[in-house]
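Subject: Structure handover

Hello,

Here is the structure for your files. My notes on its aromatic pairs and nonpolar core follow below.

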Amino acid sequence: ASSFSPPPKVDSAVIVLEPLPEDQRFSDLKTLGRITAAAFGMRRKMLRRSLKTFAAQNGIELNPWLLSANIDPQQRPETVSPSQFQDLAQSLSVQKPS
């Protein structure tokens with residue numbers, strides 16, 4: 001900050017991101033991306049509303065699907081953990097009709 005005139009009123013930082021080892025990575029990023037996009041597309045809505053169309057398009061029952069990942073259908077997307085979104089993506093194949 002002392003290199004600038006006037007000195008900025010903010011601090012900066014550097015973040016280093018290291019990829020997880022291959023065996024610890026989530027494999028189905030495409031499905032995970034579709035689910036999170038649908039959930040956050042209506043961010044201030046509850047998941048039961050924001051994922052309703054996504055569930056219908058995939059032929060699955062919304063409430064059992066959310067409950068299979070221990071997610072309350074009345075939660076908002078910003079309160080769901082990344083691992084819960086991963087659980088939703090993994091359980092999608094289980095919930096789909098054959």
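Rings of Phe, Tyr and Trp (its six-membered ring) pair if their centres lie within 6.5 Å; planes under 30 degrees apart count as stacked, over 60 as edge-to-face and the rest as tilted. The model is predicted, so local features need pLDDT of at least 70 and side-chain atom pairs pLDDT 80 or more, while totals for chains, interfaces and linings use all residues. Residues are numbered from 1 along each chain as its sequence is written, and side-chain values use heavy atoms, without hydrogens and water.

Searching the whole structure gives two aromatic pairs. Phe40 and Phe85 make a tilted pair, at 5.9 Å centre to centre and 40° between the planes. This pair links distant parts of the chain, with Phe40 in helix H1 and Phe85 in helix H5, 45 residues apart (helices are DSSP runs of H or I, at least four residues, numbered from the N terminus). Phe40 counts as partly exposed at 37% relative accessibility, whereas Phe85 is buried at 5% (buried is under 20% relative accessible area, exposed over 50%, partly exposed in between, with a 1.4 Å probe and protein chains only).

Phe54 and Trp65 are stacked, at 5.7 Å centre to centre and 20° between the planes. Phe54 is buried at 6%, and Trp65 is buried at 0%.

The largest nonpolar core has 20 residues, of which Leu51, Trp65 and Leu88 touch the most other members (a core is a set of buried Ala, Val, Leu, Ile, Met, Phe, Trp, Tyr and Cys residues joined through side-chain atoms within 4.5 Å). Helices H1 (29-41), H3 (52-57), H4 and H5 each give two or more residues to this core.

Regards
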